[in-house]
Amino acid sequence: MKEQKSIKLIRCGSSSGMGSGGADETVWECVIPYVQDPRDRDAVSLVCKRWYQIDALTRKHVTIALCYTATPERLSRRFPHLESLKLKGKPRAAMFNLIPEDWGGYVTSWVEEIDKSFCRMKALHFRRMIVIDADLEMLAKSPAGKVLEVLKLDKCSGFSTDGLLIIGRLCRNLKTLFMEESTIVEKDGEWLHELALNNTVLENVNFYMTDLTKVRSTDLELMAKNCPSLTSVKISDCDISDLIGFFKAANALEEFGGGSFNEPPGQIGEGVFNEQLGRYSAVSFPPRLCCLGLTYLGKAEMPLIFPIAARLKKLDLLYALLDTAGHCDLLQRCLNLEILETRNVIGDRGLEVLAQFCKKMKRLRIERGADEQEMEDVEGIVSQRGLIALAQGCLDLEYLAVYVSDITNEALECIGRYSKNMCDFRLVLLDREETITDLPLDNGVRSLLIGCEKLRRFALYLRPGGLTDLGLSYIGRYSPKVRWMLLGYVGESDDGLLVFSKGCPSLQKLEMRGCCFSERALAMAAMQLTSLRYLWVQGYRSVNRLDLLKMVRPNWNIELIPARRVYVQDANEQVIFDHPAHILAYYSLVGQRTDFPTTVMPLDPNALLN
Amino acid sequence: MSRSAMELDFFGMEKKLSPPPKPSSFERRRSFRDIQGVVSKINPEVLKTVIANGSFGLNKSGSVPCTPKEDTAFPSLPLHDSTVRQNCDPKKGTETAPMTIFYNGMVAVFDVSPDKAQDILLLAEEEVKKPAESSDSKVTSDQKNILGTLNGDFPIARRQSLQRFLEKRKERSNMVEPYGCPNKHFNFGHMIFS
């Protein structure tokens, strides 16, 4: 084992002043491979210098939550034998089009270091970063390229199918190639052909929610034939009827996402239903398929799923075309469903169906559908009615993210009472309804936080009047384990934020939007939150910009994205997007970054005070 | 000071300016289109919209919450280090450099020529020395400039992936013949996958 080799290195090197050693080393050799949780490793490394060294030499995986907090050189100096690295770049708000595309997060310097120092790197995960073809080429040709098993370009941009071609050609040990939601310049479909030809160990291929259109279904089939372990495939739009061969060949497939159903001709009616089904009747899903998401799945095609509904553990209806009734019809058959993602067209009625039939629900994500009523279902709104039913019916719920049109304190209290396994709760109150049944939500939030003892991640996005300062203080007081929070339009004044920031002992990452706090309160809060290492704020009550200086301190980088007006030329008209200013602040070991685009600026105290 | 396309009456010295009405976002937009802001990044043009919404006379009485506490009522404009990001505006033919202006909690960056920068600095210094001229000494949140009023006024952002799906879905439903032609249909399959 590599760990044993590494520890022997310590033994040889530690000739002076290292104590008895013998028994210690044996214990370490046996124990250290099982200590993999990063928090445990962190604790281990702080005990003494020798344990620090042992951890450093045997650490397998590191996640750098923001790539600008360290440098590649520091990483390789401390963890020379790293096998797995996860890097995150742009703020989360980038997923909502709020961050300039050229904000930063370039992987180039990291790939250069991997090429130079990390010959054992087996798994790479870049999230919201900028990756160029040259990076992919360097990676493929590096020593790590030969051993690389997992490459995840997660919501990345900057590369083209040419880069993927080289990866496909040279990284023959690749088991996972994940590119979901990345922005890829498409030259051709050759990259998939190369991958299919050269690889026999693929397990997971994902180019879901990319706009790749030149991929050939025959290459998918070839890949399925060559890779007997292919377990999960998620693709861009491709008519399902072209995938019949692929489904037949992919015998081990457990997860499939993407594809497409073409629009049934004419008006929906009995004849059309049958015709549509006839077109797709030859589709036969692999025997172990239990995770499914079919783009543009409509009422006409839904019966295709019925035969396998009972064995589905995961269902993705985010990009389906089902109305509320369709959801109810399908979900009542999914007795083993554990993970569901859909839009709020599921409605309260759909949640009641979940509560009644899908007792094993663990993760539920309900996204926001179209605003125009014609595009969705009139029933397609989620409110306290659905949430109460859900909480009472699905007791195993661990993750709930929901866009609601109406809410009450009772619903939140219910969640606090029944959802004892809740680790991640996110609620957004849509802004379409003028009147909400029961605001402010102070008491409900309090009950939820007290009741959900395992809560680690929490998001509450309301409107003015949604949560008072008292409610905000409840969040501070009753969220002992929460590490990440997104707060939108909460509180009434600076006092609320100041009391809030005296609590939240575990809060590492705080995102705030549309709140009314002044720079002074934001700066003081940043100083008071004891675990805070990352702060993102968009929209604040600007009183005195100089107050931001109150949070200036060593190793704390402060960046500003000044307010922007963005003009986008649509086909018919020019659309104006107003982007309020952002503040981004984070701890870093290496000072300000040097790759600011013109839209982002470091807060330089000297310049301000001059 | 005459008003040319590039002049920015940033400090509301033009007496012609009417006191700010309570602008709805629609009205604000209309006046922007009139002013013709065109660029997508921060640009001097953007700040013109600042003018449209009122005076920024500094009130010595201190009742203005936005007045900094220091007696130098307005800190001197911190010029960005021009050696760091010098650029040439080919159209203007002169060298421009970024000028960063912090005002009332807003930050804006402009590419200005040295002459322009000089003008702006002089303006600022004059303003500091002048007595408060605006009769509108009470500053309400409405008086904040456009960049500032953005703070309370922005919609819930939508996830990119869903945004694209909803747009594609709209296109799809627009493509289907409204009166139904049973024999004609779009086979996305052969168009997308060969």
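Analyst: A:Asp424 counts as buried, because its relative accessible area is 8% and buried means under 20%, with exposed meaning over 50% and partly exposed lying in between (1.4 Å probe, protein chains only). This is a predicted model, in which local features need pLDDT of at least 70, side-chain atom pairs count only at pLDDT 80 or more, totals for chains, interfaces and linings use all residues, and side-chain values use heavy atoms with hydrogens and water left out. Residues are numbered from 1 along each chain as its sequence is written, while chains are lettered from A and ligands numbered from 1 in the order in which they are written.

The side chain of A:Asp424 meets that of A:Arg426 in a salt bridge, with 2.8 Å from N to O; the term stands for a side-chain nitrogen of Lys or Arg within 4 Å of a carboxyl oxygen of Asp or Glu. A:Arg426 is buried as well, at a relative accessible area of 17%. Over all chains, a search of the whole structure finds 39 salt bridges. Another one links the side chains of A:Glu511 and A:Lys509 at 3.9 Å, N to O, and both of these residues are buried. Beyond such pairs, salt bridges that share partners join A:Arg41, A:Asp55, A:Arg59 and A:Arg78 into one network.

A:Arg41 sits in helix H3 (residues 38–45) of chain A, where helices (H or I, at least four residues) and strands (E, at least two) are DSSP runs numbered from the N terminus. A:Arg41 counts as buried, with a relative accessibility of 0%. The side chain of A:Arg41 also makes a polar contact of 2.9 Å with that of A:Asp55, a term for a pair of N or O atoms within 3.5 Å; within protein, one must be able to donate a hydrogen and the other to accept it, and residues adjacent in sequence count only if both atoms are side-chain atoms. Once neighbours within four places in sequence are set aside, A:Arg41 is in contact (heavy atoms within 4.5 Å) with A:Ile32, A:Val35, A:Gln36, A:Ile54, A:Asp55, A:Thr58 and A:Arg59.

A further salt bridge brings together the side chains of A:Lys122 and A:Glu83 at 3.6 Å, N to O. A:Lys122 lies in the loop between helix H6 (108–117) and strand S3 (123–127) of chain A, and A:Glu83 in the loop between helix H5 (72–78) and strand S2 (84–88) of chain A, so this pair ties together parts that are 39 residues apart in sequence. For residues 80–126 of chain A, an unreviewed UniProt entry gives the feature "domain: Transport inhibitor response"; UniProt positions are given in the numbering used here, feature names are shortened, and annotations may be inferred rather than shown by experiment. In the model, the end C-alpha atoms of residues 80–126 of chain A lie 19 Å apart, and the span is 21% helix and 19% strand.

Strand S16 (424–429) of chain A has a place in another packing arrangement. In helix H19 (residues 442–451) of chain A, the buried residues are A:Asp442, A:Gly444, A:Val445, A:Leu448, A:Leu449 and A:Gly451. They pack against helix H18 (409–418), strand S16 (424–429), strand S17 (457–461) and helix H20 (469–477) of chain A.

How far can this be trusted? Chain A has a mean pLDDT of 92, and 93% of its residues reach 70 or more, pLDDT being the predictor's confidence in each residue, from 0 to 100. Over residues 1–7 of chain A, however, the pLDDT is below 50, and this stretch has 16 contacts in the model beyond near neighbours in sequence. The pLDDT is also below 50 over residues 9–20 of chain A, a stretch with 8 such contacts. Where pLDDT is low, the predicted coordinates should not be read in detail. Chain B averages a pLDDT of 51, with 25% of its residues scoring at least 70. Among the elements of chain B, the mean pLDDT is highest in helix H5 (residues 160–175), at 89, and lowest in helix H6 (residues 188–192), at 34. For the complex, the predictor gives an ipTM of 0.90 and a pTM of 0.78.
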